[in-house]
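Reader: I am new to reading structures like this one. Could we go through it together, one feature at a time?

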Amino acid sequence: MTIAIETHGLTRQFGDQTAVDHVDLQVNTGTFYGFLGPNGAGKSTTIKMLTGLLAPTSGAVGILGLNPFDTDQAIEIKRRIGVVPENLSLFDNLTAREYLTFVGRMFLLEKTVIQQRSDELLALMQLENEHKKLTLEYSHGMKKKLALAAAMLPNPDLLFLDEPFEGVDAVASKVIRNTLAEFVSRGSTVFLTSHVMEVVERLCTHVGIISAGKLVQQTSLEILKQNNQSLESCFLEIVGKREGAVETLSWLDHKKSSPEDANDDSQPGLESSQP
Amino acid sequence: MNLTHLRTITWLRWRIIANQFRKIGRGHQILSIFLVVVGFLAAITMGVSGFAMPLPILEKAPLSIYLLIWAGLSMVYFTAWAIGVLTDLQQKEPLTLDKFLHLPISPTNAFINNFLSSFLSFSTVLIFPALLGFAGRMVAMFGMRMAPIFLLLFAFFLMIMALTYQFRGWLGALMLNKRRRRAILSFATIMFVIVVQIPNMINMAYQSSTSTNLEELAETDSSPVLEELRASQEEFDKWLNQFSNGKPPSDELDRRLEELTRLTDRLPVNLTATELDLDSASPTDPRQQRLNSQIIQLAEYVRLACCIIPFGWLAIGIEYMVVGQGIHTVLIPSLCFVGMLGISFFSLRRAYKSTLRLYRGEVAFNDNSTKAKQTPGSSRPTWINRLSEKKFPLLNEQQSAVTGMTLISLLRAPEAKMVLLSPLLVILLIGGSFAFRNAENIPVSLRVFGGLGAISFTMLGIMNLTNNQFGYDRQGFRCLLLSPVKRVDILIGKNAAYAPFAFAIGAIGLGLMQCFIPMPIDNFLATLVQLGTIFLITCLMGNLMSIKAPLAISSGTMRPTNINLSVATIHILLTLLLPICLLPTLIPPGIDLLVNRFIGSTYVPIDLLLSLALLIVTLVVYRFIVARQAGLLRDRESIILEAVTHIGS
């Protein structure tokens, strides 16, 4: 089995702050890899480094056996990967079809191929009826779906998805999950970050958990199941406990007093007698 | 270079423009088409008129006139270029590299695509034909020895494009941080206003040095002065002709020019063209001579500036080509050409290196390194933070909360500060012109009106913000609507937040006027009181505009994202109505003036007392009207919310 993603001592510092700290990743081809971590743990920074958008302070990265920070090899990598970046990188003043056409042309796809794939992708993402709407008029979920469609358009060997299910409705989410599962089953690789344990648990074959920039767990879900451990319990066990963390609100300890008492010193609310 | 990528990105630009055009209102579409057609026709006209410029006007002038013309053209081009860059930077959707980096595009392609895009700018399309046309005219006039002018133009054009590219890239990289972006946009705009005003200030200073007392001149008998002037000019011509290279000793030239100017200044203004014999091309024509001497004098300053600023090297090169004598004719234009090419080369090299750094991810687009460092000491609240807790005098708790929130937003938004300060800048410039131009000639009794005009003008800056108070809240307006606050408190709280700015800027503006055109102290104090009246009226007008014609504003700019004809009409009409609403403020100084004129000095500060009375009346009227405006706000709040949170094209 070949290796799709490999990092050694991957580190990124922003000033004094270490966002990613000596991460050693190894993702085999044909793997559905879930990259988990609390907010600010370094997931997006790692994905940026893996896709060549951010240079590491130290360490090495290999994507499909190539170096994303070598100018010549970077283009070859970009031809073979699809990315849903954190900020989505859409153009506000394009329609969905125009954006897909643009991406297809940048990947040097044939016109007919672009058209056929765009039709299918737009139908799959339920965006086919929005042909006159500009991206700026889309909801966040629709934008996510369009970015995902654009990432899948060139039929890449490796997909990087930064929070792909965030803001996506349940129906579309199911369709996307099925599509991604099919994508992996034919031998491609998916590397996704997500907060939704249930999605990761259902889709992924392997998971990595990052906390405070450090990769604290890298395992297959198969092993977790053998140990009778759910992903959520494993995740909470590793990163869920914080010393001195506030776990409840002081004013919620007491039963709420009557509305009259509560409103005693409050303002009268919206004026009713105002002209 | 991959041509498919180049074609694709060109297509992308076209689609974005076409879609933006499709989404704007019909009125805006017609206006855009009109502007494009006018721009196109203007470009052709400028090109043709540049070539067909009637040169007999220039024939009487010294050769330095070409330096001035080309320096002027370069300045116009620079101004148009700077406007283009500022507009570009304010665009909501710049085609920055971060949109392409995850796609398979090579760094060379990314660089070339971005560079080529900088060629198509307003300044290039509109101004460059005029430069080409005039260059062609000069070749036709001076012969083929002027042909290298096109090389100089090419180098100038390339230099501007390369610098634009580098400058935009640099600013673009800096502006990735949103807070810094707003500060840069504001700073760049203010700097632009100041820079383009420099020639105006120089002109005013220059004019003041040659200004004359018109009344004295009108009474002067012209004939002896004219005789003396003609004699001096003949002598000056003879002396000047001794220097075949056109470079007389500067000390002696200055002395003679000063003498000549002094004599010319003594000429009465009512001297006719016949008396001056302007129709003849005689070298003894005194006005022509005076003009020529002024051109030579001005050219000295401009030449110095052109030598220092690379934008002026085109003018310097052309001037030396026109002189057409000696080695300098070749050497200086060549140096200018090489210099401009060198700058182009180094700018492009730097820009390419930056592109490579971005491509390799050595510079992060989402620059986390610029985030504030969370050190233990830095969590202490600043005075701006404390504004959110402050209870302001005369305001209730909820009004204070709204005032605090609005004040914090204003203090943190550089674009708002820019808008507030711009009228002050204009007053400074106008005040400067008064300072240069014998302000003491303005009658004392009328100066109070100048003061009122100055503070009314500063209020325009305040009105730029008050006329769309909810638009600047953007999504924050939803929070105001959801809060259990009386709508009248929202309006009063918001109005109160502008008060410190209005009083500070108004007082500074009035102080400046007092320095340039001093008025009696009671009038000065009365005008300060009037500041309150004018502010309250401005707030009422602003409230009405904010409620009736709200506009969505792009974050980090002051540009409305989508403006339709009816909203624009309301804004224009209400802005025009403001001076009419401010007319009552003329009553106190008007009565004061009439009493002094017809009864004589009463030793009673009539203006001050009446201004205080007017302020009290305005306060009562304000309280009455703002309550009605609150009702209007309540009725329209959902419409306003929809308008200010709408993300238009």
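Reader: What pLDDT does chain A average?

Author: This is a predicted model, in which local features need pLDDT of at least 70, side-chain atom pairs count only at pLDDT 80 or more, and totals for chains, interfaces and linings use all residues. Residues are numbered from 1 along each chain as its sequence is written, chains are lettered from A and ligands numbered from 1 in the order in which they are written, and side-chain values use heavy atoms, with hydrogens and water left out. The term pLDDT is the predictor's confidence in each residue, from 0 to 100. Chain A averages 84, and 89% of its residues score at least 70.

Reader: Where does pLDDT stay under 50 in chain A?

Author: Here is the general idea: where pLDDT is low, the predicted coordinates should not be read in detail. In chain A, pLDDT stays under 50 over residues 262–275. For that stretch the model has 21 contacts beyond four places in sequence, a contact being heavy atoms within 4.5 Å.

Reader: What is the average pLDDT of chain B, and which of its elements have the lowest and highest means?

Author: Chain B averages 77, with 75% of the residues at 70 or above. Elements here are helices (H or I, at least four residues) and strands (E, at least two), which are DSSP runs numbered from the N terminus. Among the elements of chain B, helix H12 (residues 273–276) has the lowest mean pLDDT, 41, and helix H22 (residues 521–548) the highest, 93. The pLDDT is below 50 over residues 211–220 of chain B, a stretch with 12 contacts beyond near neighbours in sequence. It is also below 50 over residues 367–378 of chain B, where the model has 7 such contacts.

Reader: How many helices and strands does chain B have?

Author: Chain B has 25 helices and 0 strands. Of its 649 residues, 48% are buried; buried means under 20% relative accessible area, exposed over 50%, and partly exposed in between (1.4 Å probe, protein chains only). Among the contacts in chain B with a separation of 6 or more, 81% join residues 24 or more positions apart.

Reader: Now a helix, please. How far apart are the end C-alpha atoms of H6 in chain A?

Author: The expected span of a helix is 1.5 Å times one less than its number of residues. Helix H6 of chain A (residues 170–185) has 16 residues, so it should span 22 Å, and its end C-alpha atoms are 22 Å apart, which agrees.

Reader: What is found at the ends of H6(A)?

Author: A:Asp169 caps the N-terminal end, with a side-chain oxygen 3.2 Å from the backbone nitrogen of A:Val171. After the helix comes A:Gly187, whose phi is positive, near 105°.

Reader: Is B:Ser106 buried or exposed?

Author: B:Ser106 is buried, with a relative accessible area of 17%. This serine is in the loop between helix H4 (64–90) and helix H5 (107–117) of chain B. Not counting residues up to four places away in sequence, B:Ser106 touches A:Ile75 and B:Tyr359.

Methods
Polar contact = N/O pair within 3.5 Å; in protein donor to acceptor, adjacent residues only side chain to side chain.
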